[in-house]
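Please describe this structure for someone new to protein models.

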Amino acid sequence: MQSLLMWHVLTHFCYIFNHKPCFSYKKLQRRRESSAHTMSNSDQTGNESEMYVMHEICSSVKNMKQLDFSVLVRRANQIKEELKQGVKKPYRELIDVSWGDPHRTGVKPLSFVRQVLAGCLYPQLLESNRLKVDVRQRAQRLLETCAGGSVGSYSDTAGLTQTLKKVSEFITRRDGGVPSHPDSIYISPGSQWSLTNILNILVNPEASPKTGVLVPAPSHCVTTQSILGLGAEVLPYYLTEEQGWALQVEELQRAFDSAKGVCKPFALYIINPGNPAGGVQSRKSMQEVIKFVSEKKLFLLADEVYQECVYGENVEFLSYKRVLAEMGPPLSETVELASFHSASKGLIGECGLRTGYVELVNLDPSVLKLLDNLFSTNSCAPVLGQLTLDLMINPPQPGDPSYPLFYEETQRIRTTLIQNVRQVFEVVNSLPGFSCQPVEGGVFAFPRVYIPPKAIQKAKEVGMEPDTFYCVRLLEETGVLARPGSEFGQKDGTHHIRFCIMTPQHIMEELLRRLSIFHTKFMKEFS
Amino acid sequence: MCANPPPPHTHTHTHCKYSMIFSFSRDNGTKMSQDQQAVNGVSCVSKVLTLDTMNPNVRRVEYAVRGPIVQRAVQIERELREGVKKPFTEVIKANIGDAHAMGQKPITFFRQVLALCSYPDLLEDNKFPEDAKKRARRILDACGGHSIGAYSASQGIECIRQDVARYIERRDGGIPSSPDNIYLSTGASDAIVTILKLLVCGEGRDRTGVMISIPQYPLYSAALADLAAVQISYYLDEENCWSLNVEELRRALKEAKQYCKPRVLCIINPGNPTGQVQSRQCIEDVIRFAKEEHLFLMADEVYQDNVYADGCKFHSFKKVLFEMGPEFSSTVEMASFHSTSKCYMGECGFRGGYMEVINMDPQVKAQLTKLVSVRLCPPVPGQALLELVVNPPQPDEPSYSTFMKERTAVLAALGEKARLTEETFNSVPGITCNPVQGAMYTFPCISLPQKAIDKAKEEGLIPDMFYCMKLLEEEGICLVPGSGFGQKEGTFHFRMTILPPTEKLKVVLQKIRDFHLRFTQEFS
């Protein structure tokens, strides 16, 4: 029964992955799925599509990769629905660790943050004793920074004046006194939004040769999509897996040289701490990068959204801005840098509120002015999210009524994370055919999986990347939704999976249990 | 290459141990300090990203609603706080459609549900009505990990898209709507830019042309500049209450065909900044035109609940399209946009919105889905708010009567202010104003004396910018000059929101009246 179901699912996937599936699959698919309404949209088009006005679309959008992951998500949603309807499966709940999204995996929001937000949303709450006094005071103060005292009003383009000021103070504190100015900061609906705006100003879509951006492999795939969507060229530089995903300048040089005849490198994108690879850069490595971008005249994009998530012993997060400033002139006055942070990550983990910011260093003021116009077309970042950012960087202090609970909650998350990191490392490395580098930072494990040749063959037959095939089977058989390494970029011939490690402990234990059983079975099946 | 020759480079301007250069842009308006010129000068020699190397399209992006006049207003507010003496004590920002900033109170029910979603422990309280709790539970159940802090699907939360579809069906008298065609967005502007991004392609004479009204909402011109699309302007007829004339569409299209490939027609109904509401007949004509000319229709309908004038009614493009029969309803491609920022709730800060796409090539829809995934997802509180807007309290629910009372009060006050504004402006010699049939703005025509026009030129300003700046400096009222929206050559306008509370609006109107008379006299 199960193998029949498996086959059914694989034909379904195969069908979606191959634009021209073989006839028998298609017919079978139609018959089987006609009642389930799961046919992909792309199926319904015939040759009439040329009649559409929209038939012809922006070529750089077409260049964006159609991610296999969307198919996995669709199937995961179906499974969720099936479970709800009581369909028997070998598991009762889906574990979705495909995003760096702690709340989704069951981590609870921080009470203080949500209490203050509730007070801001419904100020009548501030009139009773339902919420603690420091919560009410904080909500009151935040509301006073909003136009008309409402989170429903717009803020200035760059963000609420008060919040911008606090962000700059936070950065100065974080960076050991390196000054930061509110006017160099833009708050946006997520750090990815800021990044897209900066990329937009960097990338001249009509340039010939095209603009090139050096991007790590593996890398956050959304950024790669943004770069392609803006009409630039992605120049991958490979991180060295065997050395804990370290970044090597020789590899940057190789990637830079690979641009010859293809595009003109203009910017270097760094993710530190890494995503999906969990490395944390040392000061020395960062200094090398800074010298490299200065020498090659590259704009430096530093994605530092996981700065709060650092676990390794003797490992600490240093911001690019700090390292740059401490290198002194001339570098500190010339290297142009955009540094990104977010309220989606870290212990607060409020992804759904969509708030991040960018700080710009050493930018040409006349360019910054034009960037202001670009940000202004979206009016402003969600105000509730801006207040969340404010709370993230100004948590309750010892002595505040909310402090004990806040301390307890954040400690619990931190302890769990450290335990999870250790457990993942031990369990995954104990499985034959798996190897996992130590996770020093970030919220993902990105272990390498050695997929047997027979499984690779099978994956080819159904038109999938081998690690996508692995993830499909993992999802189908154990209800665990992870992401295939092929989405993030990996050395040819290697395969990985990515999953979020910021989960409650019992979820991580269950996940590792399911993964272990599945993996053993999978290796046996294809041995 | 450099506007200013680089002065000798010194480090003396850094008064701390770190020498790092900050680029100040926001507060100093157009004037730059000596220091910054130095910074700028140095930059020309060594910067990677300069005016010459950056994306040239971005240089053309302008957004008047948040343009220089607003920057000056922010500066004046700061000066007032610092105790600088002015002929007024506060700046009234009537430049932007921001109801809450003008003192409008949020709808109680909406905020109750959102507070419950934010801090679900409150669900145990007996202070909240049951229907609010029920809605909050439903929303939380649809969120990953029952938290509004989890990412949603890029297209938006499924059950909210279903409710949006049902809402559209009710609005349009039963014409079916599919959740698959609904994309939730970060405010309507995000969705508008996304569709334009998809549509704009081609080179040279094949470059996509996009028809937009003049006057228009500057988001359109800004997005077109950014995308290097060709803007095709069609003029609204000010003498006929800013109505849209299909003959004018034909004229604009015919001209444009000589230098680009027109593919898109944008309509804002009810109008922004012009406040007109399109008649059903006019919408039919536009649809016929779009079909004949094979144009993609973008219907910006964010003010659909803001209709005040007697005899005016909002007709959605989709409804009219479907009532015209299958010949049209199965062929004309369209996207319609809506938002949580306007209407009676005016919750701009949440950045909620949606679009419905109709007759879109399924392959393109797949591309659209891919494109929106780069944004990860729209803000979840904004999605939750949208859920409440499309699924408000029902007559048998405890919150219904309060909700209706609040909703009616806001819309009635807006109607009253629309009339008041029109009447007052039309009583001022030199100002003529069309009725504000809908939306939230008035866009009166102002006659400026030749001497004022000359003076403006001397100062290097567009005459209506000169007028608005002077008004801001003298009366503390912030408006947006008509030139930011586009206007027939030789005519001048400004846009003002009708959102200030009635008593305050009266004061604002009086001040503008006095200013205008004074201005006319000064330059006559």
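In chain B, strand β10 (residues 441-442) pairs with β14(B) in the antiparallel sense, over 2 bridges. Strands here are DSSP runs of type E with at least two residues, helices are runs of H or I with at least four residues, and both are numbered from the N terminus. Two strands pair if DSSP finds at least two bridges between them.

This is a predicted model, in which local features need pLDDT of at least 70, side-chain atom pairs count only at pLDDT 80 or more, and totals for chains, interfaces and linings use all residues. Residues are numbered from 1 along each chain as its sequence is written, chains are lettered from A and ligands numbered from 1 in the order in which they are written, and side-chain values use heavy atoms, without hydrogens and water.

**The sheet.** Strand β13 (residues 480-481) of chain B also runs antiparallel to β14(B), joined by 2 bridges. Together, 3 strands form an open sheet in the order β10-β14-β13 (chain B). Its edge strands are β10 and β13 of chain B, each pairing on one side only.

Which residues stand opposite each other? The table lists two such pairs.

| Residue | Opposite residue in β14(B) |
|---|---|
| Thr442(B) | Met496(B) |
| Val480(B) | Arg495(B) |

In a regular strand, side chains alternate between the two faces of the sheet. Strand β14 (residues 494-497) of chain B has Phe494(B) and Met496(B) pointing one way. Arg495(B) and Thr497(B) point the other way. All four are buried. Buried means under 20% relative accessible area, exposed means over 50%, and partly exposed lies in between (1.4 Å probe, protein chains only).

**Buried or exposed elsewhere?** Take helix α8 (residues 218-227) of chain B. Here 10 of the 10 residues are buried, so the helix is largely enclosed by the rest of the structure. Among them are Pro218(B), Tyr220(B) and Asp226(B). Ala228(B) follows α8(B), and its phi is positive, near 55 degrees.

Asp285(B) lies in helix α10 (residues 280-293) of chain B. Its relative accessibility is 25%, so Asp285(B) counts as partly exposed. Asp285(B) and Phe443(B) are 158 residues apart in sequence and 25 Å apart in space, C-alpha to C-alpha.

In chain A, His341(A) lies in strand β7 (residues 337-342). His341(A) counts as buried because its relative accessibility is 4%. Leaving aside neighbours within four places in sequence, His341(A) is in contact with residues including Phe170(A), Glu304(A) and Met392(A). Contact means heavy atoms within 4.5 Å.

**Where the chains meet.** The contact takes 114 residues from chain B and 118 residues from chain A. The two chains bury about 10,000 Å² between them, 58% of it on carbon and sulfur atoms. That area is the accessible area (1.4 Å probe) that two parts lose on being put together, summed over both.

How many salt bridges are there between chain B and chain A? The count is 2. In a salt bridge, a side-chain nitrogen of Lys or Arg is within 4 Å of a carboxyl oxygen of Asp or Glu. Lys261(B) forms one with Glu56(A), and the closest N and O atoms are 3.1 Å apart. On the side of chain B that touches chain A, helix α13 (residues 362-373) of chain B gives the most, with 9 residues.
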